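Before you read the points that follow, please take a moment with the sequence and the model together. The note moves through a few loops, a pocket and the chain as a whole.

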Amino acid sequence: MNARRARTAIVFAGFALMAGACGGTQAPSNPPSPQPVASNPPTPQPVASSPSPVPSPSAEAVANPAPVAKGQPYRPDLPPPEDFVAVIDNPYMPFMPGTRTVFEGVSDGERERNVVSVTDRTKVILGVTTTVVHDQVFSANGDLAEDTFDWYAQDRFGNVWYFGEDTAEYANGEVSSTKGSWEAGVGGAQPGVVMLAQPTVGESYHQEFLRGEAEDVGTIVAVDDRVSVPYGSFDHVLVTEDTTPLEPQILEHKFYAQGIGVVLERVLRGGQEVSRLVSFTPPS
C-alpha cells in the first residue's frame with residue numbers, strides 16, 4: 001500500500017470490467033487455518049526519517065489506535081507484542097494462510113490481473129510476528145508487472161495493522177524500481193491500521209506512514225452497503241474512502257465483504273481504474 005498504487009493496493013484486470021451494481025447475499029466465512037511458519041522475505045532499506053513507534057504500555061482497547069489528527073504528528077497507539085494474535089480473522093479482512101484471491105480490472109486503460117496469496121510465512125517487526133501476504137500484478141499479456149510482500153498483524157482487540165512491504169516493479173522481465181518499500185521501525189516508518197476492529201462511519205485512520213513515501217489514509221464512509229462483482233453479490237459491505245496527501249488528486253473507494261475482505265476497488269477521482277474480485281479460494 002504505497003505510492004506505487006496511488007489508488008493503493010489492487011486495481012488490476014484481465015478483462016475490461018465496469019463498476020459494480022447492487023444486491024445479494026452475504027459472503028461465506030473462512031474456515032480455520034494452520035499456524036504460520038517463520039521465514040522472512042528480504043527487508044527493504046530505510047528511505048526517510050521520523051520518530052520510530054514505541055509500543056503502548058496500555059493493554060486497553062482503543063477504538064482508533066491510528067487516528068488522523070490535523071496539525072499533529074502521527075503517533076500510533078501500538079499495543080505491545082504480547083497483545084497481538086497469531087491469526088488475522090477480522091471479518092472484513094480475514095488473512096488466513098492458504099487464502100487466494102484474484103482480481104481483474106483496468107488501470108490507465110490497460111487490463112491487469114492481481115493475485116493475492118496469504119502465505120504461511122511470518123516476519124517479526126518491532127517484536128510483532130506478522131503474516132506475509134504475497135501480492136502480484138500481471139499485465140494483459142501475462143507478464144509480471146509488480147511483486148510485493150506485505151506484512152500484516154492483528155491485535156487481540158481485532159484491529160489489523162500494516163507493518164510495511166517489500167515491493168518491486170518490473171519492466172521487460174527486470175526489476176525497474178523498488179520505490180514504495182518500507183518497514184515499520186526502519187528509517188522512521190511507523191505502522192498503520194488497515195481495518196479497525198470497530199469500524200464507525202466518519203472515522204479516519206492512518207493506514208501506513210513513512211513521510212514522503214507512504215502516507216495512505218482511510219475513512220469509513222459506509223458499513224451496510226451492497227455490491228456485485230464477478231465472484232458474487234454481497235450485502236452488509238463496508239466502504240472506505242482512501243486518500244494520500246502525496247497525491248491529493250486521487251480518491252478511491254474500497255468495498256469489503258464479511259468473510260472475504262476486499263471485493264471491489266474503484267478510483268472516483270484522479271484516474272480511471274477499477275478492480276473486481278473474480279475468484280476466492282479459502283484455505284484448505
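**Notes on a predicted model**

1. Pro 230 counts as partly exposed because its relative accessibility is 44%, where partly exposed covers the range between buried, under 20% relative accessible area, and exposed, over 50% (1.4 Å probe, protein chains only). Pro 230 sits in the loop that runs between β13 and β14 (232-243), the strands (E, at least two residues) and helices (H or I, at least four residues) being DSSP runs numbered from the N terminus. From Pro 230 to Leu 277 there are 47 residues in sequence, yet the C-alpha atoms of the two are 6.3 Å apart in space.

2. A word on the basis of these remarks: this is a predicted model, in which local features need pLDDT of at least 70 and side-chain atom pairs count only at pLDDT 80 or more, while totals for chains, interfaces and linings use all residues. Residues are numbered from 1 along each chain as its sequence is written, and side-chain values use heavy atoms, with hydrogens and water left out.

3. Leu 264 belongs to strand β16, residues 261-269, and it counts as buried because its relative accessibility is 0%.

4. For the chain as a whole, the assignment gives zero helices and 17 strands. Of its 284 residues, 54% count as buried, and the accessible surface comes to about 11700 Å², 52% of which belongs to carbon and sulfur atoms; areas of this kind come from the Shrake-Rupley method with a 1.4 Å probe, and for residues only the protein chains shown count as cover. Among contacts (heavy atoms within 4.5 Å) between residues at least 6 apart in sequence, 59% join residues at least 24 apart.

5. Which residues does Asn 64 touch, once its neighbours within four places in sequence are left aside? They are Leu 196, Glu 203, Ser 204 and Tyr 205. Asn 64 is found in the loop between β1 and β2, and it counts as buried because its relative accessibility is 9%. Its side chain makes a polar contact of 2.9 Å with the side chain of Glu 203, a polar contact being a pair of N or O atoms within 3.5 Å, of which, within protein, one must be able to donate a hydrogen and the other to accept it, with residues adjacent in sequence counted only if both atoms are side-chain atoms. A polar atom of the Asn 64 side chain also lies 3.1 Å from the backbone nitrogen of Ala 66.

6. The loop between β1 (37-38) and β2 (84-85) also holds Pro 80, which counts as buried because its relative accessibility is 12%. Pro 80 and Asp 155 are 75 residues apart in sequence, while their C-alpha atoms are 9.0 Å apart in space.

7. The largest pocket has a volume of about 250 Å³. Of the 15 residues that line this pocket, the closest to its centre are Ala 69, Gln 72, Pro 73, Tyr 74 and His 206. By class, the lining has eight nonpolar, three polar and four charged residues. Here a pocket is an open set of points on a 1 Å grid over the protein atoms alone, where a 1.4 Å probe fits and protein lies on both sides within 12 Å along at least five of seven lines, and lining residues have an atom within 4 Å of a point.

8. Two residues deserve a check of their backbone angles. Most residues other than glycine have a negative phi. Leu 126, however, has a positive phi near 55°; it lies in the loop between β4 and β5 and counts as partly exposed because its relative accessibility is 30%. Asn 172 likewise has a positive phi near 55°; it lies in the loop between β7 (160-171) and β8 (174-177) and counts as exposed because its relative accessibility is 84%.

9. Lastly, Glu 213 lies in the loop between β12 (208-209) and β13 (217-229), and it is buried, with a relative accessible area of 11%. A polar atom of the Glu 213 side chain lies 2.8 Å from the backbone nitrogen of Gly 180.

Key: Grid points are joined across faces, edges and corners, and a volume is the space filled by probe spheres set on the points. Ala, Val, Leu, Ile, Met, Phe, Trp, Tyr, Cys and Pro count as nonpolar, Asp, Glu, Lys and Arg as charged, and the others, Gly among them, as polar.
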